[in-house]
Structure formats: C-alpha cells, structure tokens
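Please look over the sequence and the model below.

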Amino acid sequence: MSSYVGVLVSDPWLQSQFTQVELRTLKSKFVSNKTQLQRFTVGDLPPVLSKLKAFNGTIDEDEIKSVLDKSYSNAEEEVDFETFLRAYLSVQARGVEKTGGTKGSSSFLKTSTTTVHHAINESEKASYVSHINNYLRDDPFLKSYLPIDPATNAFFDLVKDGVLLCKLINVAVPGTIDERAINTKKTLNPWERNENLTLGLNSAKAIGCTVVNIGTQDIAEGRPYLVLGLISQIIKIQLLADLNFKKTPSLFQLVDDTQDAEELMGLAPEKVLLKWMNFHLKKAGYEKQVTNFSTDVKDGEAYAYLLNALAPEHSTHVALDTKDPTERAKKVLEQAEKLDCKRYLSPKDIVDGSANLNLAFVAQIFQNRNGLTVDSSKTSFAEMMTDDVETSREERCFRLWINSLGTATYVNNVFEDLRNGWVLLEVLDKVSPGSVNWKHANKPPIKMPFKKVENCNEVVKIGKELRFSLVNVAGNDIVQGNKKLLLALLWQLMRYTMLQLLKNLRSHSQGKEITDADILNWANRKVKRGGRDSQAESFRDKSLSSGMFFLELLSAVEPRVVNWSLVTSGETEEDKKLNATYIISVARKLGCSIFLLPEDIIEVNQKMMLILAASIMYWSLQQQSDTESNVSEDANDEGDASSVAGEITNLSIDGGSESSPTAQDQESLAKADKDEDEADGENNKDA
C-alpha cells in the first residue's frame with residue numbers, strides 16, 4: 001500500500017488556493033483537453049472553462065472571454081497547468097462577484113470550502129480548541145498533548161496524524177470508529193498516518209459531514225480553513241445530537257397536530273433548535289421571531305428572555321435594562337455561566353452575530369436545560385412517527401450516502417426531503433451524468449403539487465431507462481411519501497452506482513455488466529487465494545454474521561490491515577459485535593466509503609453485505625490499476641490475472657477458464673441472484 005502523493009504546484013500561494021480534491025479534478029480536465037487539442041492556448045480556455053460544473057449556469061463563455069482578455073493579451077499563448085489554475089481563479093472571482101457571494105446552503109453541514117476566501121475565524125478556532133480540550137482531556141493517548149493553546153497553531157499540527165480527528169468523531173457519535181483500528185504511536189510512518197486520515201474522513205461522511213472538497217493530504221498539511229470547516233461540522237453534529245424525537249420525545253411539546261409533527265420531523269436540527277427557542281420566547285413574552293443565529297440575536301435581547309424563561313431561579317432584568325449591546329451580552333453570559341453554558345462564545349461574538357458560535361451556544365443551553373416536559377396527550381404523535389428498526393437503519397444509510405455524493409441539497413430526512421423529486425434528480429445526475437434534462441425539472445421551493453409530480457415522473461422515467469425495477473410505480477407514489485417504495489428505489493440507485501464504478505474499471509472485459517454473483521465469486525476466490533477457509537454461499541449466508549469472512553477478505557486484499565490478535569471467534573453475540581465494528585473501521589481505513597452499522601453485519605442484511613463486498617472489491621481493483629508495475633509479478637498467481645483487466649475478465653461466469661466457478665458455485669450464485677430478484681419484486685409489490 002503506497003503512501004498518498006498529492007498534486008503539486010510550484011507556486012505555494014497558488015497551491016494554497018485549492019484543495020487536493022479540486023487540484024486532482026482540474027488536473028484531469030487540463031490533461032484531457034491538452035491531449036485532445038494537442039496545443040492548448042488561452043483562446044481555448046473560454047469554451048473549456050464554461051463547461052466546468054463550478055461555472056455552469058453562473059457565467060457563460062462570452063463573460064469568461066471578457067474576464068480573460070483583461071489578463072491575457074495573446075490568445076495564441078500556450079497554457080500550462082498553472083496558467084489554467086490562475087484562469088480558473090479569475091473566472092471564479094467574477095462568478096462570486098456576480099452572484100453576490102459564495103453559494104448559500106440550507107444546512108449548517110453544507111460547509112463552504114470556496115477557494116476565494118481562506119481567512120479563518122480566530123474566535124471559532126478558540127472555541128473548538130476549548131471544546132476539544134474539554135472532551136478529550138482524559139483520553140489515554142491525547143492527554144499528553146492536551147490542553148492545546150488556542151493562541152498558537154499547535155491544533156493544526158496535532159490534527160495532521162488523524163488520531164485527534166478519529167477521537168473527536170467518536171465523541172460526537174460514540175461507537176462510530178473502533179479505536180482498535182486507529183494507529184496510535186508516538187511516531188507514525190506515512191502509511192499509518194494516511195490510514196488514520198482515511199479512516200477519519202470516511203467516518204466523518206458516515207456521521208453526516210460533507211467532505212467532498214477535502215482529501216487526506218489537505219488534513220496532513222494542516223490547512224487551517226479546511227481543518228476548521230471539518231471540525232466545525234463534527235462538533236455541531238455532537239451538539240445537535242439530541243434534537244430529534246428518538247432522543248428527546250418531549251420535542252413533541254412544540255407541535256399541536258399530526259401535520260405539524262410530520263413537518264417538524266423533516267426539519268434540519270438547527271431549524272428544530274430555532275423552533276424550540278421561539279417556543280420559549282413566545283411564552284416569555286418576547287414579541288419578535290428569531291429566524292437565524294446571527295442578526296436576530298446580536299442585540300442579546302432574545303438570549304435574556306430565553307434564559308429568564310428557562311432558569312427563573314437565576315432570573316434578572318439587569319440584562320434587559322442594559323442599553324449597550326456589548327454590556328447586555330456580558331450580562332447574558334454571566335447568567336448563562338450559572339447553567340454552565342458559556343464555553344463557545346464571547347460578548348463580542350454575540351454582538352458580531354457569529355452564526356456558528358451562536359448556534360453552538362443555543363445548542364449547549366438546550367442540552368443543559370431544554371425546559372420541555374413529556375406531554376401525555378401528545379404521546380400518540382411519538383407512537384405514530386416511530387419507524388421499525390430496519391426501516392430507520394436503511395433511511396439513515398441512504399441519507400448519508402446521498403449527502404456523501406456532494407449534491408447541492410442536504411438531506412435531513414429521506415422520507416420528507418425526497419418527496420418533491422428534486423433531490424432524486426440531483427442524485428440521478430450524480431450517478432448517471434447527463435441522464436437528467438433539467439429543462440423538464442422544477443426547482444424548489446415548489447408550491448404547486450403537480451410540479452412535484454412532474455419531477456417524480458421524470459425520476460421514474462429515468463429509473464426505467466436505467467433498467468430499475470419500477471413496475472406499477474408512478475411519480476405520485478413518491479410525492480405521497482411511500483416509504484417502502486422510496487427505500488426500494490434508493491437501494492437500486494446505490495446498487496447501480498456501485499456496479500457502475502466496478503464496470504468502469506473493466507477496460508478489457510468487452511463491456512460485460514457486473515452482477516451480484518460476480519462480486520460474490522470474486523470475494524470467495526480472493527479469500528481462498530489468501531489461504532483462508534471461509535466461503536459465502538450468498539449475501540444472506542448466516543455464517544457472515546460472525547464477521548470472519550469479511551475479515552479474511554480484507555486481509556486478502558491488504559494483508560497488513562487486519563490485526564488478527566484483535567479478532568474474536570465470532571461465536572457469541574458480543575464477539576460478533578466486536579468483529580463487526582472492527583470490520584467497518586478497517587474497511588474505512590483502507591478507503592471504502594460505507595454507511596452500514598455493525599447490526600447490519602450481525603443480522604446479515606443482504607443489501608449491506610453486497611455493498612460492503614463491492615466496496616472492498618472496488619478498492620482492491622483500484623489498487624491494481626494504480627500499481628501496474630506489479631503486473632508481471634502478480635501474473636504468477638495461479639489462475640488469477642494480475643491486472644485489473646485480468647481480474648475483471650475472470651469475473652465473467654461463462655465457464656471455460658481455470659478460474660471460472662464450479663457448477664455447484666454457479667448453481668448457488670444463480671440461486672442468490674434469483675432470491676434477490678424475488679426480494680426486489682416483493683419490495684415493489686409491497687410499495
């Protein structure tokens with residue numbers, strides 16, 4: 001396993017303007033056009049740049065030409081990569097100016113990573129460092145490095161090896177990472193550091209962070225604005241964790257009827273927090289409505305009313321009687337300190353309207369004293385809204401997967417946010433570029449119901465073109481929020497995406513489609529050639545619950561990644577859970593982006609088993625593609641081709657080759673496919 005080397009630019013300032021993800025994407029575009037055009041000139045830039053997704057719909061080819069004419073007088077001048085990057089920045093600056101700032105977002109999790117402004121907020125940095133010092137001060141590994149001094153850059157140095165990132169994720173969502181998989185040594189080699197960072201980034205995605213513009217190299221370099229953006233998301237997820245009905249059933253006190261309850265369940269956590277705040281402010285006699293955590297709270301009045309309502313024993317009118325906003329903010333924080341709620345902001349942060357820190361402050365107040373009681377008259381709402389465990393797990397998996405794709409709309413609740421069809425169209429455009437005709441799409445907010453139906457009809461149409469099983473399914477079924485139908489559709493989308501990724505690596509396989517049986521066959525052969533005994537008859541094989549098969553598969557694709565001294569026999573329920581949590585962390589540590597839970601392995605959830613195996617397969621084949629120098633050496637492996645082409649060719653279940661499965665294998669694989677087809681058909685029938 002080789003250490004990661006990023007795209008390097010000779011000009012340090014220019015390098016600092018881009019994330020590694022952006023550099024890799026732009027380098028690919030540059031090389032592609034240079035190869036196609038042979039001589040890539042300034043005159044070729046406008047049509048090339050106008051086709052980039054970053055500028056699509058914001059700035060056209062003529063405007064780009066106008067921008068570049070000011071910087072480059074000679075259209076015949078040949079373009080190198082650095083010139084290409086500088087031209088990109090010039091056009092981007094024009095686009096930002098034209099739209100009046102960076103792209104906004106409906107959710108705090110869609111943290112902007114624009115390459116135009118990279119200034120960091122020192123107050124936010126100090127608050128996040130304080131949070132880390134508080135929650136990780138007793139950690140056996142980190143306590144020798146803590147507390148961090150917020151006045152220095154020690155924080156950015158400490159995050160570079162990935163350990164702090166992984167530990168903080170486990171504080172935010174306990175149990176996300178099996179800490180046995182974290183490399184914790186005083187001095188880590190490049191492989192071990194990269195593994196920690198890969199584990200951290202994949203786990204961040206698995207708890208709901210948006211990390212599409214962040215690579216391991218960016219964290220390894222300690223880039224302040226990217227590190228703070230990621231840490232901010234993790235901390236907010238922790239602070240807002242209780243803002244849902246499962247953890248805080250008393251939130252139903254905020255609603256009056258079933259329709260309100262359904263609407264509240266579909267809101268983003270920070271919107272629920274605002275609703276909670278306004279609920280108490282209204283009772284306290286505050287006449288204004290708080291709609292944000294910046295301008296609406298910067299005078300401190302709302303805070304004074306809120307704290308008086310929640311903590312009458314500390315109630316005082318001193319803050320309200322104070323006319324100066326800064327002095328009022330000081331009084332508010334003095335009152336909050338009595339509830340142990342002061343950690344995240346200073347009086348200046350309130351007056352300046354720092355949205356992130358004010359949100360953290362209000363969330364801390366909610367955690368310490370939410371002022372809600374369980375209303376027995378509204379328990380029917382809670383009972384009505386409760387999904388079965390498997391449905392909830394699948395909703396969580398698909399929601400996190402959608403958000404990991406980098407769609408413009410952040411999904412907070414699959415069953416609510418997908419009903420207008422827009423997000424599904426965004427997903428389809430990601431997994432099958434060019435499949436969506438956006439001229440036929442209706443962008444939110446959508447007031448007319450028939451417009452939502454039009455979007456959903458388009459989703460069904462494209463799904464059928466992609467050969468999804470959508471018999472007797474109409475757009476109106478999606479609009480009505482049919483849960484079984486939505487889950488069945490999302491499963492087909494996720495499966496299609498994984499199979500397409502694998503198919504794209506099949507450069508010499510005559511374009512044959514990958515099947516579930518191919519993936520199972522590959523996994524069984526990989527384990528067998530690794531000298532292990534485990535074999536799976538299908539992805540619903542109950543023996544998979546012990547975890548041994550996937551541990552042996554992971555070890556077969558990368559021998560050094562599994563520490564066998566940590567593996568249990570998988571016989572008891574406790575041992576199975578230990579193995580399952582270890583499998584997920586080891587797979588993420590390798591580079592697999594997966595969203596299943598240990599329970600999915602223990603209960604042998606067929607869908608999640610397939611995706612897990614396919615993710616490992618994709619990683620393995622990528623490594624072979626990236627290490628073509630090992631082709632001749634690997635070719636000596638009995639019956640197994642060394643290159644991606646060879647590996648993929650052997651996946652074809654057509655007989656006649658040494659590595660083709662036996663007749664018994666073919667029969668079991670065919671049965672597995674048939675079982676899955678029947679299951680899919682049953683899902684759609686139920687829907």
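Leaving aside neighbours within four places in sequence, S432 is in contact (heavy atoms within 4.5 Å) with L466 and Y496. S432 sits in the loop that links helix 22 (422-431) to helix 23 (449-465); helices here are DSSP runs of H or I with at least four residues, numbered from the N terminus. S432 counts as buried because its relative accessibility is 11%, the limit being under 20% relative accessible area with a 1.4 Å probe, protein chains only.

This is a predicted model, in which local features need pLDDT of at least 70 and side-chain atom pairs count only at pLDDT 80 or more, while totals for chains, interfaces and linings use all residues. Residues are numbered from 1 along each chain as its sequence is written, and side-chain values use heavy atoms, with hydrogens and water left out.

Helix 9 (residues 190-206) and helix 28 (residues 573-590) have residues that meet: E195, T198, L199, N202, S203 and A206 in helix 9 touch S585, R588, K589 and L590 in helix 28. By class, this contact has 3 nonpolar, 4 polar and 3 charged residues, where Ala, Val, Leu, Ile, Met, Phe, Trp, Tyr, Cys and Pro count as nonpolar, Asp, Glu, Lys and Arg as charged, and the others, Gly among them, as polar.

Definitions and conventions. Helix = DSSP H or I, 4+ residues; strand = E, 2+ residues; numbered from the N terminus. Buried < 20%, exposed > 50% of the residue type's maximum accessible area, 1.4 Å probe, protein only.
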